[in-house]
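Here is a short briefing on one protein model.

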Amino acid sequence: MTPVPPVPLRKAVIPAAGMGTRFLPATKATPKEMLPVVDKPAIQYVVEEAVAAGLTDVLMVTGRNKRALEDHFDRNQELERLLRAKGDHGRLEKVRATNDLAALHYVRQGEPKGLGHAVLCAAPHVGDEPFAVLLGDDLIDPRDPLLARMAEVQGEHGGSVIALMEVDPAQIHLYGCAAVDLTKDADVVQVTSLVEKPPPGTAPSDLAVIGRYVLSPAVFDVLRDTPPGRGGEIQLTDALQRLLSDGDEQIHAVVFKGRRYDTGDRGDYLRAIVRLACEREDLGEEFRTWLHRYVTESMPKSP
């Protein structure tokens with residue numbers, strides 16, 4: 001019998017229903033995904049990453065007060081006319097570029113029941129094919145094509161693929177954590193178990209799950225039967241652990257050593273802006289000069 005070729009990865013799901021309470025009052029009326037990282041909202045970096053990996057169909061799982069996400073990727077004819085009349089073709093192209101990044105779709109989560117529930121909301125749209133999940137709080141530098149590598153691994157092994165990153169053992173209790181076995185590829189491991197936010201001192205490794213997944217559609221059936229876990233929410237990590245326990249599918253992981261910007265934390269959000277601004281061709285030289293002068297001359301000294 002001729003083997004059935006793997007279904008190509010073409011759909012991405014971006015959970016974006018969170019309230020962003022760590023950034024209040026800025027997120028009282030503005031979605032956290034719309035907070036600017038230099039001059040683009042965080043959500044645009046995530047969509048561009050999906051597109052760069054070849055994914056042409058993007059579903060955002062949103063909630064109340066998230067209309068700005070749809071507006072950002074929609075056509076703004078009045079703004080385009082204004083920029084065209086002013087002859088500001090550079091900004092016009094930037095505005096128009098957001099209109100056609102991908103085929104964008106939206107569904108509301110309705111209730112804040114956790115990441116697992118948000119992913120389950122995508123089931124009718126995804127259907128019976130593998131799909132990527134990209135969390136908007138994690139920005140991956142475009143020079144480090146993590147998602148493309150994960151798609152390659154999923155095409156080779158099937159099942160699901162998650163992204164792992166080494167973290168300080170003192171911080172591992174803040175993440176989902178994986179126990180793994182090595183494979184023939186230096187950057188790929190086979191996952192043997194997963195635990196969501198293990199109590200301090202109990203983590204099986206220092207490999208933390210970060211916000212990129214390539215998932216088999218089999219996860220939907222498991223999520224439908226997954227009870228609330230940590231924080232009273234339906235945890236995606238718990239569903240993936242059940243897939244492992246049932247033995248129906250393998251889960252592999254790409255161990256990521258590249259540049260990641262965590263915009264869900266206020267300190268890391270600021271660091272992400274500084275790092276990206278320093279590396280911009282149009283801003284970097286002037287900004288680095290000012291930053292160096294501020295740090296060495298103007299910044300208040302600690303007592």
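Strand 1 is covered on both faces: Lys11, Val13 and Pro15 are buried on one side, Ala12 and Ile14 on the other. Buried means under 20% relative accessible area, exposed over 50%, and partly exposed in between, with a 1.4 Å probe and protein chains only. Strands (E, at least two residues) and helices (H or I, at least four) are DSSP runs numbered from the N terminus.

This is a predicted model, where local features need pLDDT of at least 70, side-chain atom pairs count only at pLDDT 80 or more, and totals for chains, interfaces and linings use all residues. Residues are numbered from 1 along each chain as its sequence is written, and side-chain values use heavy atoms, with hydrogens and water left out.

**Strand 1 and its partners**
- Strand 1 spans residues 11–15, and five of the five are buried, so the strand is largely enclosed by the rest of the structure.
- Strand 4 (residues 57–62) pairs with strand 1 in the parallel sense, over five bridges. Pairing requires at least two DSSP bridges between two strands.
- Methionine 60 in strand 4 is the bridge partner of isoleucine 14.
- Strand 6 (residues 131–134) also runs parallel to strand 1 and is joined to it by two bridges.
- In strand 6, valine 133 stands opposite valine 13.

**Histidine 252**
- Histidine 252 sits in strand 12 (residues 251–255).
- Its relative accessible area is 2%, so histidine 252 is buried.
- A contact here means heavy atoms within 4.5 Å.

**Whole protein**
- The protein has eleven helices and 13 strands.
- Its radius of gyration, taken over C-alpha atoms, is 20 Å, close to the 19 Å that the globule rule gives for 303 residues, so the protein is as compact as a globular protein of that length. The rule is 2.2 Å times the number of residues to the power 0.38.
- Along the principal axes, the C-alpha atoms fill a box of roughly 60 × 55 × 40 Å.
- Buried residues make up 43% of the 303.
- Among contacts with a separation of 6 or more, 74% join residues 24 or more positions apart.

**Surface and charge**
- The accessible surface is about 16,200 Å², and 53% of it belongs to carbon and sulfur atoms. Areas come from the Shrake-Rupley method with a 1.4 Å probe.
- The 36 positive and 45 negative charges have mean positions 6 Å apart. Lys and Arg count as positive and Asp and Glu as negative, while His and the chain ends are not counted.
- Each charge is placed at NZ of Lys, CZ of Arg, CG of Asp or CD of Glu.
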